[in-house]
Amino acid sequence: MHVVVIGAGEVGTSIASSLASDHVVVVVDVDPDRAEQLKYELDVLTIAGDGTASDIQTAAEVDRADMVIACTDNDQTNLVACGTAKTLGDAFTIARVKSTEYLRTWESSEGAFGVDFMVCTDLQTAENIVRVIGLPAAIDVDPFASGLVQMAEFEIAEESPVAGQTVSEADRFESLTFVGLFRDGEMTIPRGDTGIEAGDRAVVIGSPESVQAFATDLAPETTPGRADEIVVVGGSEIGYQTARLLEERDFRPRLIERDPDRARWLAENLPDTVVMEHDATDTEFLSREHVDEADIVVTALRSDEKNLLISVLAKRLGVDRVIAVVDSPDYVTVFEEIGIDIAINPRTVTAEEITRFTYESVAENIAVLENDQAEVLELELTEGCGLTGRPISEIVADSDARFVIGAITRDDELVTPRGDTVLRAGDHVILFVESESVSAITSMA
Amino acid sequence: MSWGVNWKASVGLLGVGIKYLAVTMLVPLVVAAVYGEDIWVFLASMALVAAIGIAVERVDPDPDLGPREALLFVSLAWLAAAVIGTIPYMLAGHGTASTVATPVNALFESMSGFTTTGATVLGEISTDRHSHALLMWRQLTQWLGGMGIIVLMIAILPEVAVNGAQLMASEAPGPELQKLTPKIAETARALWLIYFGFTVLLVALLYALHLLGMAPNMDLYNAVAHGFSTLPTGGFSPQADSIGAFSAVVQWVIIPFMLVAGVNFALFWHVLRGEAEVMLENAEFRTYAGALAVITALLAVILFGGAAPPLELGGTTQGVAENSLRQAAFQVGSLLNSTGFATADFAQWDTHAQVFLLFTMFIGGSAGSTGGGVKIVRWLIVGKAIRRELFTTAHPDVVQPIRLSGSVVDEDAIRGIMAFTMMYVVLFALSAVFLSLDAARIGTQLTMLESTSASLATIGNIGPGFGRLGPFGSYLFFPDTSKLLMVFLMWIGRLEIVPVLAVFISAMDSR
């Protein structure tokens with residue numbers, strides 16, 4: 001594959017280095033020194049110049065490229081770069097943006113700005129944080145269909161109330177599908193009367209809310225509930241998105257922001273969050289508002305130093321779990337070494353998300369489970385493919401492949417699959433498939 | 001005289017309005033012709049009003065209004081309408097014993113009509129004493145004032161529509177102007193059409209009852225007269241016994257229309273466009289509906305328990321469920337959103353039931369309705385602001401915007417609402433004191449309920465009070481000074497205090 005990466009910051013470099021071994025990679029950066037430096041660090045071709053300019057893109061052979069990844073620090077630059085690439089050729093374009101506004105526009109109109117896939121750094125990071133907060137019991141969590149659907153894998157603990165129940169007893173949730181069960185390394189596709197035992201690993205697919213509710217059933221001790229105190233420190237875009245996503249999952253977080261105007265904006269846009277306007281490094285304030293009694297503290301300030309300070313402070317005050325956003329990838333290990341529970345780096349998150357996308361597959365999205373015994377795929381159905389026009393029960397009966405349809409999204413809304421559900425072109429289907437059957441399934445789609 | 005405001009522009013535009021007010025006098029003129037009454041009263045009135053209008057218009061033939069001129073214009077427009085409205089009363093009453101022949105009484109009656117207050121100084125309310133035409137004029141003033149004379153002018157006069165948004169914001173009841181369409185004239189037209197539609201519907205229903213023989217005395221004249229009074233939450237009736245003169249089924253028909261009049265008319269516009277959820281999700285509407293239900297139920301229970309003596313008007317309520325509920329619903333609908341009709345002489349009820357009704361007079365209708373009072377949306381916001389104050393006292397760092405129906409209320413708007421509510425209460429209290437003292441000056445003692453209800457019923461544009469001011473009583477015995485104060489209260493109450501006082505303040509400030 002011929003890949004053009006525009007922007008050689010941390011995200012771009014990280015993507016380029018993970019792709020360089022298998023693909024032909026061309027990196028464009030506006031800074032000649034940076035381009036020169038990268039030429040020696042990675043096995044890639046580098047071009048110095050404005051990545052939005054048509055002649056620079058021509059020099060990078062965008063017209064022949066299979067994929068263009070625009071990941072500079074500037075949203076508009078990335079959008080224009082993708083738009084320009086579309087005028088030159090037919091490459092699949094990926095843009096990194098910070099603004100959720102652009103993401104919303106893009107989601108509401110496919111192909112807007114000439115972008116085929118958009119990764120919103122801050123939102124992605126916030127989603128990551130919320131997953132870490134919400135599902136500590138999960139071994140693996142992956143979002144599908146732009147976050148409408150979640151796949152999660154849980155290990156059933158000895159003391160879990162779910163242990164000993166059948167699948168139909170445990171799956172009380174409207175929009176949740178129990179797709180797979182691993183027992184002693186053996187995969188089974190569960191039926192309603194399949195029993196769940198301690199030590200099993202269960203895979204579920206459903207709306208993020210239902211997955212959260214299932215996790216509460218599964219591990220009531222460790223999964224945070226509504227009553228748990230979550231404090232987000234810093235009203236940056238990441239802090240805001242984190243609070244917003246927590247609200248969506250029925251939490252009522254508190255958010256601390258120092259700037260009065262920003263605090264007011266946050267309070268107006270987060271109806272279920274208690275926004276406090278104060279400097280979070282003021283220990284007197286922290287104890288007055290009983291931040292020490294919080295169950296989870298997320299630090300999302302703009303400076304790593306301050307995040308470090310607050311995290312250490314929160315740990316010393318006795319907070320159970322501290323999650324820190326760390327802007328510089330180099331500090332991630334430092335944070336975790338001094339006892340911060342989880343350090344999340346937005347750039348790493350973005351680079352991982354984009355790299356995940358470059359796997360060659362018809363699937364839009366993919367997750368590999370349990371040493372590749374099974375995969376979770378997201379497929380966009382096209383007109384006339386083998387999966388449309390028939391009820392799901394018929395498809396399952398006619399096929400030798402072992403798979404379960406976990407969730408369907410239609411026009412950006414979640415549809416819970418039932419035996420009589422008929423799939424249509426344009427639907428996004430999230431399937432749990434035994435690895436050996438993957439090619440059979442993808443050939444049908 | 002500069003006043004820091006181009007008063008000529010405001011007055012010039014006023015002339016346009018006055019000119020068209022003459023046209024509305026066609027309605028009583030037709031009534032006079034139909035009943036074979038003296039048509040010269042209204043012919044002369046029309047000529048006089050048109051002449052005044054044309055003369056005033058000449059002050060500034062090409063008026064251009066800024067914000068201050070708009071405030072002045074709106075304030076003056078309501079005063080001018082009331083003054084012009086006195087002409088038929090005085091002409092018709094000239095040389096007779098009519099109580100509204102004197103200028104002060106005529107002004108009181110006229111202002112009470114235009115502001116949809118419904119407080120009366122008309123001595124004997126009967127078509128035997130006054131012409132059908134004059135009583136229809138009295139009803140018509142309320143209907144014109146109900147949706148707002150400025151809104152009406154914006155809807156039909158292009159020269160007013162230019163500055164429409166500013167004008168409408170000063171007149172519209174409630175803290176803010178809701179623009180339904182890009183063009184303000186279209187918004188004004190939509191509101192008037194809905195208002196007109198409801199009026200026609202009520203008139204048709206009432207007259208249908210008459211034709212079906214269920215309301216023998218609800219003839220076409222009475223149907224129109226009460227249609228003109230119900231939707232604007234007016235309260236005048238050509239019958240001395242108000243709605244009490246009609247059968248129970250008429251009362252049941254009028255109750256829902258009184259309640260509709262207290263709803264924000266913009267919400268009906270949404271319903272007509274198939275967006276019923278806008279209405280159902282509106283916080284003010286829900287509070288209004290909830291308050292009505294709770295207060296009516298409570299009052300019905302009180303009446304069922306025997307808080308009202310068996311009366312000639314209103315009948316027996318003790319132990320009679322239908323009548324208790326009907327009287328409670330009617331009185332609450334009438335006083336809460338400021339209509340001022342009556343089916344029972346609640347002034348003779350036990351004190352606890354009266355105090356309960358007095359409390360409902362504080363509530364008021366919805367913003368954007370034709371009702372008076374403080375308005376439910378303001379009480380909602382005042383309540384939320386107080387709760388926030390208490391919360392932030394314990395948590396000084398918490399930033400907590402106030403939300404209504406899910407959207408954030410601007411802090412400036414909250415400040416304005418607090419100031420308004422404070423002004424309303426202060427003006428109400430001071431006026432009650434003044435009315436008591438002024439009455440004592442001429443040797444009349446007002447009871448506590450009389451003085452407070454007189455003040456509240458006029459500033460809230462409600463109409464009837466308690467004691468001698470009861471639903472079948474009259475404001476006639478007050479001295480002229482008190483009547484003038486009440487004219488002022490009705491005036492500023494209709495315009496929600498701020499525009500009028502702002503004009504006074506800016507006049508005093510400029511040098």
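Which residues in α1(B) meet which residues in α3(B)? The first legend below answers this for the predicted model, and the later ones turn to other close-up views.

**Figure 1. Contact of helices α1 and α3 in chain B.** From α1(B), the residues B:Val11, B:Gly12, B:Leu14, B:Gly15, B:Val16, B:Ile18, B:Lys19, B:Leu21 and B:Ala22 take part. Their counterparts in α3(B) are B:Met46, B:Val49, B:Ala50, B:Ile52, B:Gly53, B:Ile54, B:Val56 and B:Glu57. Sorted by class, the residues of this contact comprise 12 nonpolar, three polar and two charged. Helix α1 spans residues 7-24 of chain B and helix α3 spans residues 40-57 of chain B; their axes come within 7 Å and cross at roughly 160°. Because of this angle, α1(B) is roughly antiparallel to α3(B). The crossing of the two helices is left-handed.

**Figure 2. Contact of helices α4 and α5 in chain B.** The axes of α4 (residues 67-93) and α5 (residues 103-114) of chain B come within 8 Å, with a crossing angle of roughly 120°. The two helices are therefore oblique to each other, and α4(B) passes α5(B) in a right-handed crossing. On the side of α4(B), the contact includes B:Trp78, B:Val83, B:Tyr89 and B:Met90. The contact has 11 nonpolar, four polar and one charged residues.

**Figure 3. The open six-stranded sheet of chain A.** The strands of chain A follow the order β3-β2-β1-β4-β5-β6, and their pairing is parallel. Strands β3 and β6 (117-120) stand at the edges with a single partner strand each, so one side of each has no neighbour in the sheet. From one strand to the next, the twist averages 15°. Within the sheet, β4 (residues 67-70) and β5 (residues 92-97) of chain A pair in the parallel sense over four bridges. In this pair, A:Val68 stands opposite A:Thr93 in β5(A). Helix α2 of chain A touches β2 and β3 of chain A, and its direction makes about 170° with that of β3(A). Helix α6 (residues 121-134) of chain A touches β5 and β6 of chain A, and its direction makes about 65° with that of β6(A).

**Figure 4. The β-α-β crossover from β2 to β3 in chain A.** Strand β2 (residues 24-29) and strand β3 (residues 45-48) of chain A form a parallel pair over four bridges. The bridge partner of A:Val28 is A:Ile47 in β3(A).

**Figure 5. Contact between chain A and chain B.** In this view, 12 residues of chain A are in contact with seven residues of chain B. On the side of chain A that touches chain B, α10 (260-269) and β14 (274-277) of chain A are the elements giving two or more residues. The residues on that side of chain A divide into seven nonpolar, one polar and four charged. Strand pairing also links the two chains: β14(A) and strand β1 (residues 398-399) of chain B pair in the antiparallel sense over two bridges. Here A:Val275 has B:Val399 in β1(B) as its bridge partner.

Key
Residues numbered from 1 in each chain as written. Chains lettered and ligands numbered in written order. Predicted model: local features only at pLDDT ≥ 70, side-chain atom pairs only at ≥ 80, totals over all residues. Pairing = 2+ DSSP bridges. Right-handed = clockwise from strand over helix to strand, strands pointing away. Contact = placed C-beta atoms within 7 Å. Nonpolar A, V, L, I, M, F, W, Y, C, P; charged D, E, K, R; others polar. Axes fitted to C-alpha atoms, helices over the stretch in contact; angles between N-to-C directions. Parallel < 35°, antiparallel > 145°, perpendicular 65-115°, else oblique. Left-handed = near helix turned anticlockwise from the far one by under 90°.
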